[in-house]
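Biologist: I'd like to learn how to read helix packing and ring contacts in a model. Can you walk me through this one?

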Amino acid sequence: MRHVFTQVTLALVTAAACSVAVAQSDKWPTRSITIVGGFPNGSGVDIYARKIGQALTTAWNVPVVVDAKTGAGGNIASDLVARAQPDGYTFLFGTAGTHAINPALYKKLSFNVENDFTRIAILGDVPNVLLINPKKHPEIKTCGDLLKLMRDKPGALNYGSTGNGASTHLAGAQFASAAKVNMVHVPYRGQGPAMTALLGGDVDMFFNQSAPSIASVKGGRTIALAVTSPTRLAALPNVPTVAEACKLPGFVSTTWYGLFGPAKLPPAISNKMSAEIVKMVSTPEFKTWLTDTQGITPAADPGPAAFARIHKEDMKKWADIVKISGATVD
């Protein structure tokens, strides 16, 4: 009898706990939400995450703050969110870098990019822009000029990146492979130092992400020879694609941004967050902000099902590209 009583008591306690969890999910959010980003303030990730945070704050009347936890190619931020309580108050602004490239790049991760996260929404395709410093290379006006110089002087030119295995590195590796040229990779710790190196003449070129590239191009500090997207960008309409400018048919090198929660996030919370994000990024005003100021192509379907499919496909694609690049991180 005592054993039966104990089982009944445990069942009632469990049911009560589930009822409380459901009730809390229904009321969510009731306090501040944190969106963790793995890249520095002023990066494309940071700019976009803050835009989303402001919109959510307005929609739900709770503070939504962005917290940059930089390091290890975004892995520190990813690990933090993978270990967070699935209560709806901690999310990750992830990228194809953190969740499709890093599994192939790093020999061991402290989290599983598929099983330790809940996919909320995919936030758009992010291209790179092939930049040069006109003061260092006044003779280069087009991608054709660049390729001629590289072929005349094999291995003499280098390119900066935001770190080993970053999209800014792999875009260069893809370019070198497609164009059959040899150039030296010089990794830096983030977008700021890499751009400083380009402007200071320490590197010859930089396949920088679109958002931080646009201001430098429009300000005349850099020249954009090409974009790595399949079509031209609304933000840089006069800049041809790599396929056009460099005579490399089919060349595309884009990544994506996406919002993740921890695994086992209650469906009531993940669905509400996903619905709000999808509604937000699907408005004409938000799409215009993405295309005209960030150089980002809005996702055709931002929802979690499409996100899961794209994520799975990209893990295979980027594993192949990482192999081509020879990049690896312990």
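Predicted model: local features only at pLDDT ≥ 70, side-chain atom pairs only at ≥ 80, totals over all residues.

Biologist: At what angle do H2 and helix H11 pack?

Modeller: H2 and helix H11 (residues 284-294) pack at about 160 degrees, and their axes are 13 Å apart. Angles over 145 count as roughly antiparallel, so H2 and H11 are roughly antiparallel to each other. Their crossing is right-handed. On the H2 side the contact is made by Ile47, Tyr48, Lys51 and Ile52, and on the H11 side by Phe286, Trp289, Leu290 and Gln294.

Biologist: And how are H2 and H10 placed relative to each other?

Modeller: The band from 65 to 115 degrees counts as roughly perpendicular. Helix H2 (residues 44-60) packs against helix H10 (residues 267-281) at about 110 degrees, with 11 Å between the axes, so H2 and H10 are roughly perpendicular. H2 passes H10 in a right-handed crossing.

Biologist: Which residues of H2 and H10 meet?

Modeller: From H2 come Tyr48, Ile52, Ala55, Leu56, Ala59 and Trp60; from H10 come Lys272, Met273, Glu276, Ile277, Met280 and Val281. Look at Trp60 and Lys272 together: Lys272 lies over the face of Trp60, at 5.7 Å from the ring centre.

Biologist: Where does the charged end of Arg31 sit?

Modeller: Over the ring of Tyr89, 3.8 Å from its centre.

Biologist: On to rings with rings. How many aromatic pairs does the structure hold?

Modeller: The structure holds 15 aromatic pairs. To classify one, check the planes: under 30 degrees apart is stacked, over 60 is edge-to-face, and the rest are tilted. Phe175 and Phe207 have ring centres 5.4 Å apart and planes at 55 degrees, so that pair is tilted. The pair links distant parts of the chain, with Phe175 in helix H6 (residues 167-179) and Phe207 in strand E7 (residues 205-209), 32 residues apart.

Biologist: Are Phe175 and Phe207 buried or exposed?

Modeller: Under 20% relative accessible area means buried. Phe175 is at 0%, so it counts as buried, and Phe207 is buried with 0% as well. Now compare the rings of Trp256 and Phe307: the centres are 5.3 Å apart and the planes at 85 degrees, so this pair is edge-to-face. This pair links distant parts of the chain too: Trp256 is in strand E9 (residues 254-262) and Phe307 in helix H12 (residues 304-325), 51 residues apart. Both Trp256 and Phe307 are buried.

Biologist: Which residues form one aromatic cluster?

Modeller: Tyr48, Phe93, Tyr257, Phe286 and Trp289.

Biologist: Last one: where is Ala299, and what does it touch?

Modeller: Ala299 is in the loop between H11 and H12. At 21% relative accessibility it counts as partly exposed. Not counting residues up to four places away in sequence, Ala299 touches Ile122 and Gly124.

Technical notes. Residues numbered from 1 in each chain as written. Heavy atoms only, no water. Phe/Tyr/Trp six-rings, centres within 6.5 Å; stacked < 30°, edge-to-face > 60°. Helix = DSSP H or I, 4+ residues; strand = E, 2+ residues; numbered from the N terminus. Buried < 20%, exposed > 50% of the residue type's maximum accessible area, 1.4 Å probe, protein only. Lys NZ or Arg CZ within 6 Å of the ring centre and 35° of its normal. Axes fitted to C-alpha atoms, helices over the stretch in contact; angles between N-to-C directions. Parallel < 35°, antiparallel > 145°, perpendicular 65-115°, else oblique. Left-handed = near helix turned anticlockwise from the far one by under 90°. Contact = heavy atoms within 4.5 Å.
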